[in-house]
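Hi everyone, thanks for making time.

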Amino acid sequence: MSDMFKPEPIKRPFLTPGVIILLILAVNGIIWIILRFGFGLGAVTNLDNQHPWGLWIGIDVAAGVALAAGGFTTSALVHIFHREDFHVLVRPAIMTAMLGYTFVGIGVLFDLGRYYNVWHVPIMGNSNSVLFEVGICVMTYLGTLYIEFFPVVTERFIGKVHLKGFWKFLNHPIDAILRWIDKFLEKTMFFFIILGVVLSCLHQSSLGTLMLIAKYKIHPLWQTSIRPLLFLLSAIAVGYPMVIMESLTASKSFGLKAEMDALRRLGRFVGPLLGIYLASVLADMVIRGTYVYLGSITKESVLWTIEILFGVIIPMRMFFWDKVLRSKTLLYIASLMVIIFGIALNRFDVFITAYTPPYFFKTYMPSIGEISITVGLISIEILLYRALVMIFPVIAQPDKNYRPKAKYAIRGVIQ
Amino acid sequence: MGTSRRDFLKIVTAGTLVATGVKNAAATPVNILSDDRMGVLVDATACIGCRQCEYACKEEHGLPTGNLEDYADRSVFEHERRPDVDALTVVNQYPNVHKDEPPVTLKVQCMHCDHPACVSACIVGAFSKQENGAVIWDESRCIGCRYCMVACPFQIPAFEYNKAIEPRIMKCDLCYDNRTSKGLPPACVEACPTEALTFGKRYELVKLAHDKIDNEPDRYFDHVYGEHEVGGTSWLYISGQDFSTLHFPKLGDEPIPGATEPIQHAIFKFFVPPVALYALLGGIMWLGKNKEESEEEEE
């Protein structure tokens with residue numbers, strides 16, 4: 001390998017014109033959040049008894065979980081399947097998954113009518129409820145992601161704890177604790193890595209089981225009993241496009257050299273993964289005979305076609321094409337297509353647009369407040385990403401004298 | 001060196017135990033379907049649209065009732081209404097398919113399913129099917145996620161969107177607290193001036209409904225709505241015309257939870273699939289590690 005990459009905190013000014021726009025959107029979102037908590041869901045959202053779930057569940061939660069799949073897919077690839085050549089991508093992937101899931105949790109809290117009762121879930125949970133399983137898995141996985149990220153924190157602060165004045169006496173104990181945690185995590189991290197992958201597979205699929213109970217209310221194009229499998233396959237397929245998109249965005253934004261070598265090799269996985277997903281979707285369609293709904297132009301048939309054509313078929317062809325894998329722009333476009341049309345639109349369709357209640361008086365359109373809060377949350381997430389990569393050694397930069405730290409493994413009996 | 005294989009197994013077992021512990025603590029509702037469960041038979045051919053049931057229901061549940069005289073105003077029938085946070089039952093009017101006959105009126109409310117989707121869906125077990133047939137909601141558990149509303153095939157639970165704190169899920173509770181749990185009929189049944197509503201044991205009501213249809217085949221359409229729909233409901237309807245013309249949803253006979261509970265239970269039966277996946281991934285990780293080590297030794 002030519003250059004070794006060493007993760008380091010990025011040194012750039014925090015404020016740029018883009019950041020200022022994000023700050024404005026974030027403040028706007030926060031104002032609406034205050035209104036939501038002050039005056040209730042009815043004051044801010046267009047939700048009603050016909051449409052109990054809207055933009056926040058469709059995008060913030062359902063799409064948010066799917067798009068955070070970069071974390072478990074990358075950590076599985078590197079740590080479980082021992083593809084060390086992708087090591088530079090693990091830390092950013094884990095960090096974005098951690099941020100993503102944190103904001104899924106926050107998004108859920110905004111949507112809950114009695115958010116202050118959320119602690120009822122682990123103690124009163126109803127194990128027949130799919131939502132309970134999703135909730136527990138997401139909560140546990142969020143904790144797992146924080147643990148998986150923690151070595152980055154210890155790496156940043158071990159030997160660098162310099163509290164001033166009164167707090168000075170804490171310097172030594174904190175350093176000792178960090179060192180102890182670091183050693184402990186080094187030995188046990190394999191457990192959390194495998195746990196993270198198992199939990200992800202569980203809740204990514206269960207998220208698809210969630211709307212099966214709405215049975216007759218969901219359009220047949222989307223209502224299938226293999227929905228959990230389709231959600232799992234599409235989440236696995238979108239993991240690497242997310243990593244590629246984030247990596248290219250970050251390198252562009254910080255003016256760094258893109259890790260094109262690793263990204264190109266990562267891109268080679270995407271075509272086959274999308275292929276498996278597409279084959280499952282089409283097989284399900286043929287078996288259930290739902291292609292009849294594509295015969296006429298309706299809202300549903302158009303959305304389904306956009307989802308599959310622009311979100312799966314075209315990007316799949318692109319990822320199989322060497323010219324695309326070699327071009328930053330084309331790789332970026334292909335990844336974005338999977339993310340926006342293949343996954344975000346699919347999740348929004350399954351949860352929101354395909355949902356038609358039996359007594360239907362008016363169509364649901366997200367309100368300004370709902371959109372503001374969703375956009376605000378995404379803006380805060382991007383700002384936090386920027387702040388975290390400036391504080392912690394996450395993004396790798398070329399360094400000739402660097403040897404990567406020993407990777408995590410199950411410490412078996414050494415012969 | 002480092003963690004031994006035994007330690008690895010220990011950690012895996014501990015993790016699994018923690019996870020199972022969480023599951024066992026879960027208050028999963030058990031559906032006790034008593035043979036003597038109660039129900040209400042609605043005979044739409046006897047309903048005169050006086051809306052006394054609406055008034056009685058509001059009064060019983062402490063909701064603002066307005067003036068009793070206003071309930072005689074039939075202009076409310078111009079638009080189809082749905083049960084909402086301020087009216088747990090509503091009477092609607094539908095055109096009569098038999099020409100020259102007056103329009104059909106009937107009340108709608110929670111059907112009190114025998115296999116309720118809301119009970120299966122609720123994340124914290126706030127819904128439960130009582131032994132007497134009532135499906136009720138427990139305010140002290142609810143977290144306001146509104147998954148019950150997504151699940152309900154009859155689109156019944158209503159949510160108090162305009163309350164910032166303690167919003168409630170509002171739906172007919174079959175007057176469980178003060179009436180049906182003590183053997184008294186629900187307020188609406190008591191208020192009904194005709195014999196449109198009959199409160200009784202469900203199996204007797206099913207028989208009564210079929211007897212009525214058999215005795216007067218010209219008067220009734222041969223379908224007891226709720227006898228088989230989504231596995232059966234405590235509220236049963238008979239009318240002079242097809243229920244699709246009365247805007248009743250066309251539903252199959254399988255209980256709604258049958259769509260999700262088998263999948264859930266298959267995945268979590270003794271945690272076999274998650275543990276197996278864990279073991280598989282652990283195995284791959286370990287084998288890869290050993291392979292790499294032997295390669296390093298060769299170098």
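Helix 1 of chain A passes helix 14 of chain A in a left-handed crossing. Keep in mind that this is a predicted model. Helix 1 of chain A covers residues 17-39 and helix 14 of chain A residues 368-391; their axes come within 7 Å and cross at roughly 130°. That angle is why helix 1 of chain A counts as oblique to helix 14 of chain A.

So who touches whom? On helix 1 of chain A, the contact residues include A:Leu22, A:Ala26, A:Gly29, A:Ile33 and A:Arg36. Helix 14 of chain A contributes, among others, A:Gly369, A:Ile373, A:Gly376, A:Ile380 and A:Arg386. Taken together, the residues of this contact divide into 15 nonpolar, 6 polar and 2 charged.

Now let's move to the second pair. Helix 4 of chain A, residues 70-80, packs with helix 8 of chain A, residues 171-209, at an angle of about 140°. Here the axes are 10 Å apart. At that angle, helix 4 of chain A is oblique to helix 8 of chain A. And which hand does the crossing of helix 4 and helix 8 of chain A have? This crossing is left-handed.

How values were computed: Residues numbered from 1 in each chain as written. Chains lettered and ligands numbered in written order. Predicted model: local features only at pLDDT ≥ 70, side-chain atom pairs only at ≥ 80, totals over all residues. Axes fitted to C-alpha atoms, helices over the stretch in contact; angles between N-to-C directions. Helix = DSSP H or I, 4+ residues; strand = E, 2+ residues; numbered from the N terminus. Parallel < 35°, antiparallel > 145°, perpendicular 65-115°, else oblique. Left-handed = near helix turned anticlockwise from the far one by under 90°. Contact = placed C-beta atoms within 7 Å. Nonpolar A, V, L, I, M, F, W, Y, C, P; charged D, E, K, R; others polar.
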